[in-house]
Amino acid sequence: MTDLNTLTIAEARDALRKGEVTSLDLTEACLAATEGAGALNAFVHPTPDLARDQARAADARIAKGDAPAMCGIPLGIKDLFCTKGVPSQAASRILQGFKPEYESTVTQNLFDAGAVMLGKLNMDEFAMGSSNETSCYGNVVNPWRRAGDATPLTPGGSSGGSAAAVAADLCLAATGTDTGGSIRQPAAFAGITGIKPTYGRCSRWGIVAFASSLDQAGPMTKSVRDAAIMLEAMCGHDPKDSTSADYPVPNFEAALSGDIRGKVIGIPKEYRMDGMPAEIGKLWSDGAQMLRDAGAEIRDISLPHTKYALPAYYVIAPAEASSNLARYDGVRYGHRAKLAQGDGITEMYEKTRAEGFGPEVQRRVMVGTYVLSAGFYDAYYNRARKVRTLIKRDFEEVFATGVDAILTPATPSAAFGLGEMTNADPVQMYLNDVFTVTVNLAGLPGIALPAGLDAKGLPLGLQLIGRPWQEGDLLNTAYALERAAGFVAKPAKWW
Amino acid sequence: MSIDLETAARVAKLARIRVDEDALPALAQEFNTILGFIEQLNEVDVTGVEPMTSVTPMRLKRRADVVTDGDRQAEILSNAPDAREGFFAVPKVVE
């Protein structure tokens, strides 16, 4: 058998059920891979003892014949998820030392299904970033490099640790979260698959909140089939999250027939941005041709408000963040600044938050504070929410004409170098999410999957956007595209 | 719309984030860049459009108004930077 850490979830599940391998074997292989991958800085709080305990329990369960698909599968968990008794600090200094007394619903669902946690994964601070350069743990390094060039590249963000860990085979899969593209953009930069489900599919309970009306959890995996298996285990109604949908969870894997004959795939003209690299344009038209060859109808569509999605997002997300992050006050958990003689409670708040939040988080909290402040609420926040209504309407109108899914590039470029954007203004970094952010604003499911390599040998991803609650159909279209694209490249090991 | 130093200082105060005097000009500059980007929203005709309140139309669930959880003082205080005698402790609030 090949190195066990390189298996997909589906392969490992089948081998576990046949008794060819144990969860403890899989777990040890992943732990060994993790130990040798310090240079990637993906795992920031390893939990090897917990992982071994969970693996033994999973093996006992499998032996009894009671084995859900995720039973015994070693995973990495993004640091944004609260995990009981295990540091959970959203890559922020302000949550230093925080060990939750409770478990997030998504991780609890995974553990109930028998999954194994190898540790917590690096990310951008409070999930605010597109390059994993805002983390208090330092940068994550992408396992991919440009051909003949050792420049360290970003794995994308905010789920950069998740993307790097899956791409480097440190785990079989990982959890991510996506507020504006934080699953799909790093998946594309690291040559893996990531799906953000419909808003409300996954409970947000116990996931450190960034922008509550946009945040969704999802799996980051080595294949579309794995995404289907793991998503099913993650989602479901939760009374503890009033926005979690009380719909039955379908068997997503059963939807993977690969038959997309007669499906209508929309190609939105507004996503053909000025200055788009020729390679991205070609990848996109190649992807459309693959779907056409598989029997789908390719149709040009228009989503006229696309260009206003990023500006609307950069009002709504900071506004919600400024409200959500008000809880970090140095009183109930995490860091409290050392106070000077005579300092009162206001000084405690201000010093704690200045020390605890990094520059990007401070910037967004303050922008959010500004757009919500008296006199500007209507001009900025309400206007952005109206534009959001129009962005969602664009999609509704397209779906009403019979379009089943929409094909776009996942990102405007391949992975860029760490530090390359340091001197750019913040808006330049925000443009990374130009293709993904509309999906969060409209609450839709979106999946990114690797579809090719650029001239320098870096992976490029395509995105498919589906109808609300139709993740099964979306995954099946992605499955057809995955088979046609035949992407099998892996980063050459240098770490 | 342009943010001056006074506005930047006021926003920092509202957000309860201490910003040193000499960091204010750079902060104001960044605000202006971001707000300049956001200004594009003024091009959109939003006449008669409702601001979105919920991305998925759904009724919030109801439940009986009963206590479902509690008696967790030790757990709740376990992460506090300063807890004393069963309470969160903070610097003096009132003189």
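Residues are numbered from 1 along each chain as its sequence is written, and chains are lettered from A and ligands numbered from 1 in the order in which they are written. This is a predicted model: local features need pLDDT of at least 70, side-chain atom pairs count only at pLDDT 80 or more, and totals for chains, interfaces and linings use all residues.

Biologist: How many helices and strands does chain A have?

Modeller: Elements here are DSSP runs, numbered from the N terminus: helices are H or I with at least four residues, strands are E with at least two. On that count, chain A has 15 helices and eleven strands.

Biologist: What is the radius of gyration of chain A?

Modeller: The radius is taken over C-alpha atoms, and the globule rule is 2.2 Å times the number of residues to the power 0.38. For 495 residues the rule gives 23 Å, and chain A comes close to that, so it is as compact as a globular protein of that length. Its C-alpha trace spans about 70 × 55 × 50 Å along the principal axes. The radius of gyration is 21 Å.

Biologist: What share of chain A counts as buried?

Modeller: A residue is buried if 20 or more other C-beta atoms lie within 10 Å of its own, exposed if 12 or fewer, and partly exposed in between, with C-beta atoms placed from the backbone. Among the 495 residues of chain A, the buried share is 62%.

Biologist: Why is chain B described as more spread out than a compact globule?

Modeller: Chain B has three helices and two strands, in the order α-α-α-β-β. Buried residues are 15% of its 95 residues. The globule rule gives 12 Å for that length, and chain B is well over it, so it is more spread out than a compact globule: its radius of gyration is 23 Å.

Biologist: Which helix supplies the largest share of the side of chain A that touches chain B?

Modeller: Contact means C-beta atoms, placed from the backbone, within 7 Å. The contact takes 55 residues from chain A and 37 from chain B. Helices α9, α10, α11, α12 and α13 of chain A each supply at least two residues of that side. The largest share, eleven residues, comes from α12(A).

Biologist: How many residues of that side of chain A are nonpolar?

Modeller: Ala, Val, Leu, Ile, Met, Phe, Trp, Tyr, Cys and Pro count as nonpolar, Asp, Glu, Lys and Arg as charged, and the others, Gly among them, as polar. The side of chain A that touches chain B has 15 charged and twelve polar residues, and the nonpolar ones number 28.

Biologist: At what angle do α9(A) and α11(A) pack?

Modeller: Axes are lines fitted to C-alpha atoms, for helices over the stretch in contact, and angles run from 0 to 180 degrees between N-to-C directions. Under 35 degrees is roughly parallel, over 145 roughly antiparallel, 65 to 115 roughly perpendicular and the rest oblique. The axes of α9(A) and α11(A) are 7 Å apart, and the angle is about 100°. That makes α9(A) to α11(A) roughly perpendicular.

Biologist: Is A414(A) buried or exposed?

Modeller: A414(A) sits in the loop between β9 and α13 of chain A. Beyond its neighbours within four places in sequence, A414(A) contacts D454(A), L458(A) and L460(A). With 24 other C-beta atoms within 10 Å, A414(A) is buried.

Biologist: Which residues does the cis peptide bond join?

Modeller: S158(A) lies in the loop between β3 and α5 of chain A. The bond has an omega of about 10°, and it joins G157(A) and S158(A).

Biologist: Is D169(A), with its positive phi, buried or exposed?

Modeller: D169(A) is not a glycine, and its phi is near 60°. D169(A) lies in the loop between α5 and β4 of chain A. With 22 C-beta neighbours inside 10 Å, D169(A) is buried.

Biologist: Where is W469(A)?

Modeller: W469(A) also has a positive phi, about 70°, although it is not a glycine. W469(A) is partly exposed, with 18 other C-beta atoms within 10 Å. Its place is in the loop between β11 and α15 of chain A.

Definitions and conventions. Two residues are in contact if their C-beta atoms, placed from the backbone, lie within 7 Å.
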